[in-house]
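Dear colleague,

I am handing over the structure we spoke about, which you will find just below.

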Amino acid sequence: MYGTFVSLCLPDIDNDSVRLKYEGEYPVYTNPEVYAILQASPYFDDVQEVYEYVNNGGTSYSTSKGSSNTVSANLSISVGAYVSSEIQLIGAGEVEVELSYGASFEYANTKTTEYEITYNAAGGGSDQVVLYCLKYMYYEYSIYDPIARKWEPVVMPVCLGPSTSIIDVADYDKVARRSKGLNEIYNNILNNTAGDPATYQTLGGKLKYAYQSGGNNNYSSVNASSGADQTQTISVTDENEYSTEVFIEANEKLGAGGGGLGNKVIVGVTSSQHAGLGHTYVSSNGVTYSGTVDNVPADCTGFSFDWQLRVNTAKLNSDSDSVFVIGYDVKNVVRPARMPMGLSVVDTTRNSVSLEWSPSNDADYYEVCIVDAGGNYNSKAVVPYTVTDYEVKGLYSNRTYTFAVRALQANGSKSLFSRPATATTLQDSSNFHITKNPDDTNTFAGGNAEFAANAVYYDGDGVNQSVGYNWQVNTDNGWRSVSTGGSNPTLRLTDVSDEMDGNEYRCRVYYNDITLYTKTATLTVNKADSKVMLLAHNDTENKDLSDGSVVRASGSETTKVENVTKERNLITVTSGVREYILVSDGTNYMWKDSNENYYPCSVSVKKDSDGYVDESQTFKASDVGGAAYGVSESDFIADIDGNTYKLTSVNADDYAGEKVSYASDDVTYDRILAKWVSEDGSKNFYLLGNTSGSEDSTVYYYVADSESGSFTMTSKKTLNVSDTVKVVQTDLKSVYQTKTVRSETTGAEVTYTGDKITLSCQPKSLSGEDVQGDVEFVITGPESKRIAGKYDRANGCYTAQWEPSGQGIYNVYVYFAGNKQYNDSISDSMSIYTSFEGKTNMNLTMQDNVRYGDSVKMSLEKVSYDNTGKLQDITDDSEYTVKIKNNKTGEFEDTDKYELANGVFIPKSIGMFQITASNGGDKTQKNINVGRAQLEIAAQDTEKSVNDSVRECEDAVITGLKAWDTDIMPQRDRDYELRSYGVSGCCRVYMI
């Protein structure tokens, strides 16, 4: 049709034979644009779940007159942009220029089409987005060039008007996440959750105010009523116009060098110019926005909110025009606790039924009820919010029961009862239960997915009877049976589409009239899960390796010669600022301070074979015990100019009244304090005190027949160790302790050659098909590295070569990075032990970080390569020493704050422990960090109802308390008040 108009407006201005012939046509669509966002009318999802009360509610947007004015670009620009061969043709001659202008005249005329469109988002559903795009018909012609004497192609686009559609915002966001340049609507424009009025707020953020219904205070109220609804309407008479530049998206017909009629047609940008067809102007007159919100049912007291219809505009994508957001401003939301959803029966016996439900995010407790024939809800149990399953016991066999559950809050608020679940108990000793629930599954668009379930039914004779399977799917519109393949234990979905993303699946398992439901599993359509397994082969020995294998390592080490010397050191301890030295007369040991005072040694001293104190013995300040020993003097000796005289003491009564005087340095000494006499009686010796001078002082003075003068005095001091033990001071000598000092002398360097290892894997889908992508072998240990796998086409797997270096334990795993269809995956880790050939090393394996009082398993392994490629058995007894780090000094010190027996270590202190293991002359060491443990206090009866008539305190149950720490707890049988999350209560400490 359009081709005839083009052919009629081609003037032959210079008698050239201009010929144009029609060749074909095909449609092209512009990228879809967002026109409006319709927020779902606010409603309570749990009330809708039970009552399905939303009948009239919804959000609508209608136009009484709409127009789409499309102004196409003139043909010369279109030709230059879309047909590269025509760029040269345009400047080739007059004929072609006239052709361009002639054709552009026809298509430059404005074409107006009126549309009347109403968009509606139904109540009780999800948020919606209105999309539109423009459809163009591309007409292909051939034009004859008389100069070149050949036919050239010409492509002419004609706009056929807009196409519109409405989809869920969630579906739009899925596309946006995968498309560069598109922003998601949720958490960007909308932040509400359909079914939760408290989350509705259309103002703020990126939204700009446009219209509101009836002014600032025109809010309608939703409350309990008998099915009434309320509507607010906004009518706009002003014309609103906006434009968008249209870009054509490359498709199979026109893209990547392909085109109609076999010609090269380039779509997009040529000569750095936009290949735009023009601007599309969308305008509207008399727009009407409407929102209808249903009141809640009459018996749903406690549910209410105020609302107002509002229209806003927002910038969604950086290169797009503003879009309308028709939504709601909601305030003063009042509601009880949220109802738990998805109550289902998962197991039945002859006298019990097991229930499960999805949690309510504001519950403190759940109340489980049996609904009797009269419709009464009879409470069976109250469980804490952490419990979402319950086994109802004490039921009659072969009887049908109906159950419901509701949420309770500590303030007394109660939710609606959930949709009921019905179950029939079994006869006699029959047993019916689910043994496998389906798991969440990932796959890609066009891929496959599987869900599996299983259940068993044993009749009264113990015979396993066949059960039926009925798979169901929930696509946000309630549960329904799947259309095909839903009667087997495994549901297989093939050629999965994007629209199936988020679908929930469960299986109804039945035997006769008895039904159970599995847990719900979710299908995610993005990428499928993959799996990968690591294989290792010792090429040197031609052996497959498994977890715990031993191989030879490459590397080098320098031989070392140990030198042992002995040092002798005085034994000292310090208390405050005073230092004590250990002394002995060979039999008795005591401590001497700097003032020549002697103190008892409170510990027994061990000596080695050389007579020195054994180097294993340690001393501390507390080993200095008791008061200083008393001292007595005897064997007085006088020295006069090198001549010595043994003296005998004279009693004080015998020299009473005797007068002796000696003057020195203007001081007179004439008080006799003591007197001695020489053995031959020729000389008298005195200790004289002064009677003049400023200070008291003494002097030794002797008198003979023909001489007198001063002398020096010595005496033998005796320590009174006990009534029977006396120790002469001069017999005490310092005691020494031997310390062994070891040093090493460097010798020659020895080089070792290791085994050659081939690592391999083949990523697969969960159903076993081979998967391709990037693979990396990750190696940690004495030398860490990551090796990219190379695909071995001959063997159909990825491989890498590795030569272990250094002794120790390597952990090896393979990482598959995934691809466009499959998620990444990691294999199980393989431990490979390495040793230099002919050498042995030891490894102590245990957790690096534990908690106070944990039982930590230790594993001591000797690694030495032999032909078996396995670890050696440790047959000798191993010895362990344990130290703890002193945070002040940074040194590790001996400690007794631990238990160690049968390969289990229990720390009784927090901090850094150092454990040294010795076996057969080999040693290894390990540091572990010990953190604080957790102590829990809980009620004995966790099913006690919040409105229980008995309000007396019960003893609390304390878990996590270590047996050696009971003395740090509060007093038993004393009441304490506990506060948590704003709720207070009392408890009594009860030790277990």
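A residue is called buried when its relative accessible area is under 20%, exposed when that area is over 50%, and partly exposed in between (1.4 Å probe, protein chains only). Strands (E, at least two residues) are DSSP runs, as are helices (H or I, at least four), and they are numbered from the N terminus. Please bear in mind that this is a predicted model, in which local features need pLDDT of at least 70 and side-chain atom pairs count only at pLDDT 80 or more, while totals for chains, interfaces and linings use all residues. Residues are numbered from 1 along each chain as its sequence is written, and side-chain values use heavy atoms, with hydrogens and water left out.

As to confidence, pLDDT (the predictor's confidence in each residue, from 0 to 100) has a mean of 76 over the chain, and 73% of the residues reach 70 or more. Over residues 63-117 pLDDT stays under 50, and the model has 120 contacts (heavy atoms within 4.5 Å) for this stretch beyond four places in sequence.

Strand E61 (residues 830-835) is largely enclosed by the rest of the structure, because six of its six residues are buried. Met830, Ile832 and Thr834 point one way from E61, whereas Ser831, Tyr833 and Ser835 point the other way. Two strands pair if DSSP finds at least two bridges between them; E61 runs parallel to strand E36 (residues 549-552), to which four bridges join it, with Arg552 as the bridge partner of Ser835. With strand E59 (residues 808-816), E61 pairs in the antiparallel sense over five bridges, and there Ile809 stands opposite Tyr833.

Phe451 lies in strand E24 (residues 449-452) and Tyr505 in strand E30 (residues 504-511), so the pair ties together parts that are 54 residues apart in sequence. Phe451 is buried, with a relative accessible area of 1%, and Tyr505 is buried as well, at 3%.

Best wishes
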